[in-house]
Amino acid sequence: MKHDLNAYYAELRRRSLRQLEARQRECAALDPAFSALQTKRSRVLFMPAQGAKLTLSTIRLEEEALLKKHGLPRDYLQPAYVCPLCRDTGLVGEPVQRKCACRLKLEQQFRAEAARINDRETFEGFRPDIYPDDVSLQNGRKIMAFCQKYADTLPSPKIPQLFLYGQAGRGKSFMGNAIAARAIERGIDSLRLTAYRMTEEVMAGFSGNASPLPRFTQVPLLVLDDLGTEPMIPNVTAESLFAIADQRSSARLATVYISNLTREELRDRYGDRIASRITDAAITKEICFAGASLRSRIEDGR
Ligand SMILES: [Zn+2]
């Protein structure tokens, strides 16, 4: 996930410059006085700083009067930035620069992308029509209300851990994504990935220079999906899962574990050390997704 934001901003500036040049040509064709002002302006480059400033503001006034005469907006010959705050540099502040709001927003979007959170499975996208009967719909609504509250009280919900379990196709991943999407929307750094993917990234980390573990142990919200389907690589899978579950539970960091396994099956697969942290009753809410599969109905509705 490499996003070169500097290149992005440079491209924005190139575009607005091209548009400005087009407007300059348009004005020059309209009235030679515009070109005369441009010539005057280019001479300012060779003037001492003090006088230059004054001359520039005089030229600007003349230009505005000329634009008005031709019925054009007064900023017609100013660069039109997408973000006037940072003039499409992504940075604001003098002399100490910081990231502009527009850049923070972009980074947030990239983070959502990198965190594999999609914008279709959200609380707003909840579909009552996929539930086969009233009882399961009521259950679905109850679970959603709980998850929504959890997401809205992040990064420190009253109960920091969720353990969502049940058979495939009951909407667990949907809820996990909806929580992460809401968190990202609220500016909370989040990561949603499958246990499989996590194992893969931990493995890749061994050949790289930086361990990926701190990202998983420290991110304010971690949604770990499909727990139990990942390969059990000796010295990797259980060890990294333990490190993550242990550090996150003792720091009370918001973590959503999603699995087809029950608590007992979890213990069989990973051992008590790991299972007890994932389902620690003092800090975990267990939610069972029961009932008929929603999958065929989801597909029908699409
Ligand atoms: Zn900006």
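Student: Let's start with Asp226: in which strand does it lie?

Tutor: Asp226 sits in strand β5. Keep in mind that we're looking at a predicted model.

Student: What makes Asp226 "partly exposed" rather than buried or exposed?

Tutor: Count the neighbours. Asp226 has 19 other C-beta atoms within 10 Å. Buried takes 20 or more and exposed takes 12 or fewer, so with 19 Asp226 counts as partly exposed.

Student: Why is Asp88 called buried?

Tutor: Asp88 has 23 C-beta neighbours inside 10 Å. The cut-off for buried is 20 or more, so Asp88 counts as buried.

Student: What about Asp31, where is that and how does it score?

Tutor: Asp31 is in the loop between α1 (5–30) and α2 (32–44). It has 14 other C-beta atoms within 10 Å, and that falls between the two cut-offs of 12 and 20, so Asp31 is partly exposed. Leaving out residues up to four places away in sequence, Asp31 touches Leu66 and His70.

Student: How do you know that the chain is more spread out than a compact globule?

Tutor: First the inventory: twelve helices and seven strands. Now set two values side by side. The radius of gyration is 28 Å, while the globule rule gives 19 Å for 302 residues; 28 Å is well over that, so the chain is more spread out than a compact globule. The C-alpha trace spans about 85 × 50 × 30 Å along its principal axes. There's also a division into domain 1 (5–108) and domain 2 (115–301), and the domain centres, taken over C-alpha atoms, are 49 Å apart.

Student: What makes β6 "largely enclosed"?

Tutor: Six of the six residues of β6 are buried, so the rest of the structure largely encloses that strand. Ala254, Val256 and Ile258 point one way, Thr255, Tyr257 and Ser259 the other, and all are buried. In a regular strand the side chains alternate between the two faces of the sheet.

Student: Which strands pair with β6, and how do you know that they do?

Tutor: Pairing needs at least two bridges. Strand β3 (residues 161–166) and β6 share five, running parallel, so they pass. β5 and β6 are also parallel, over five bridges. To find these spots on screen, look for Leu164 opposite Ile258 in β6, and for Leu222, whose bridge partner in β6 is Thr255.

Student: What does Leu224 touch?

Tutor: Beyond its neighbours within four places in sequence, Leu224 contacts Leu193, Ala195, Met198, Val256, Tyr257 and Ile258. Leu224 is also among the residues that touch the most other members of the largest nonpolar core, which has 44 residues. Helix α6 (residues 172–185) gives the most to this core, with eight.

Student: Which peptide bonds are cis?

Tutor: Two to check are Glu94 to Pro95, with omega near -10°, and Leu154 to Pro155, with omega about 10°. Pro95 is in the loop between β1 (91–92) and β2 (98–99), and Pro155 in the loop between α5 (134–152) and β3. Most peptide bonds are trans.

Student: Last one: where is the confidence lowest and where is it highest?

Tutor: Lowest in helix α12 (residues 295–301), at a mean of 57, and highest in β6, at 98. Over the chain the mean pLDDT is 89, and 94% of residues reach 70 or more. Where pLDDT is low, the predicted coordinates should not be read in detail.

How values were computed. Residues numbered from 1 in each chain as written. Predicted model: local features only at pLDDT ≥ 70, side-chain atom pairs only at ≥ 80, totals over all residues. pLDDT = per-residue confidence, 0-100. Helix = DSSP H or I, 4+ residues; strand = E, 2+ residues; numbered from the N terminus. Domains from an automatic or database assignment. Core = buried A, V, L, I, M, F, W, Y, C linked by C-beta atoms within 7 Å. Contact = placed C-beta atoms within 7 Å. Rg over C-alpha atoms; globule rule 2.2 N^0.38 Å.
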